[in-house]
Amino acid sequence: MTSVADAPPDATADVVAAGPVKPRRRWNLTLVIGAGLVGLVVLTALVSFLWTPYDPTRVDPSQTLLSPGGDHWLGTDHFGRDIVSQLLVGARTTLFVGVVAVAIAAVVGVPLGLLAATGHRWLSEPVMRALDIVFAFPAILLAIILAAGFGASTLTGMIAIGVANVPVFGRLTRAGAMQVLQSDFVLAARSYGRRGVVLMVRYVLPNIAALLIVQASVSFAHAVLAEAALSYLGYGTPPPTPTWGRMLQEAQNYFVVQPMLAVWPGLAIALSVLGFNLMGDGLRDALDPRLRGR
């Protein structure tokens, strides 16, 4: 093999002038695609605040079950409501429910997980057993219970989805915190008198933030599915506010006459869930040092 010293003088000068060769940065395709799909959903929701082709709740009996084209780009439903307008506003509803639900899960679950990781068995065991009990109740069952007591609404749906995801954040936080607590820098911090809340907030929480970010993205995908399921069953956002799940529920009675009524909201739900799942996988690959070299 020819080295730089053995190369001709002109070639050596070119190598020196060019400087050190920088490694090419590889794009994380999964993260790019996921972020693109999520960005599309967010952009759709933002556009709905400023513009919709028609009032999404306006009923027009003369325009029922129109095929895509003309003044209604994706057609109309059995009430004559514009499908594009409903999809735009439905994206806003889905993101709002997802953001609040994931926030509830993180705000409640992360402190409980840190509390369970302190090492005190008398404190850790009750917290973990309580999380196990909550984990036994899926979001749909919690929504039915809340709807029976307080009525179906957007708030009950958000609380049900958020509470159902609290054990996920709690378990993940506890596992990550216990691993960080065994690190040398934490032992050094303890030798300097760092204890309790200060130790958790200053040393543990920043080192598990990447795990929580990835979990938030994955939980958002679950929240989108849960919100669609609750709206489909009638336990989510009540009419006349458009939601993708209720659009699916209303379209099933007209599937033979106008099958595209079910295709558009189903496609919106699928792309949203796919986007958040891909973004979660991409963030995991980007933030996990063990996967960066792949």
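The stops below go from the annotated segments to the cavities.

Before clicking, note that this is a predicted model, where local features need pLDDT of at least 70, side-chain atom pairs count only at pLDDT 80 or more, and totals for chains, interfaces and linings use all residues. Numbering runs from 1 along each chain as its sequence is written, and side-chain values use heavy atoms, with hydrogens and water left out.

Start with the ranges that the unreviewed UniProt entry lists as "transmembrane region": 29-51, 95-118, 130-149, 204-235 and 255-276 (such annotations may be inferred rather than shown by experiment). Select 95-118: 92% helix, 0% strand, with the end C-alpha atoms 34 Å apart. Then try 130-149, which is 85% helix and 0% strand, its end C-alpha atoms 22 Å apart. Helices here are DSSP runs (H or I, at least four residues), strands are E runs of at least two, and both are numbered from the N terminus.

Now for the holes. A cavity is a set of points on a 1 Å grid over the protein atoms alone where a 1.4 Å probe fits but cannot get out, and lining residues have an atom within 4 Å of a point. The whole structure has three cavities of 30 Å³ or more; volume is the space filled by probe spheres set on the points.

Select Asp-77, His-78, Ile-83, Gln-86, Met-247, Glu-250, Ala-251 and Leu-261 to show the lining of the largest cavity, about 60 Å³ in volume. Color α10 (244-251): α10 gives this lining the most, three residues.

Last stop: the second largest cavity, about 40 Å³. Its lining includes Arg-81, Pro-240 and Arg-246, and α10 again supplies the largest share, three residues.

Technical notes: 1 Å grid on protein atoms, 1.4 Å probe; cavity = no way out; pocket = protein on both sides within 12 Å on 5 of 7 lines; lining within 4 Å.
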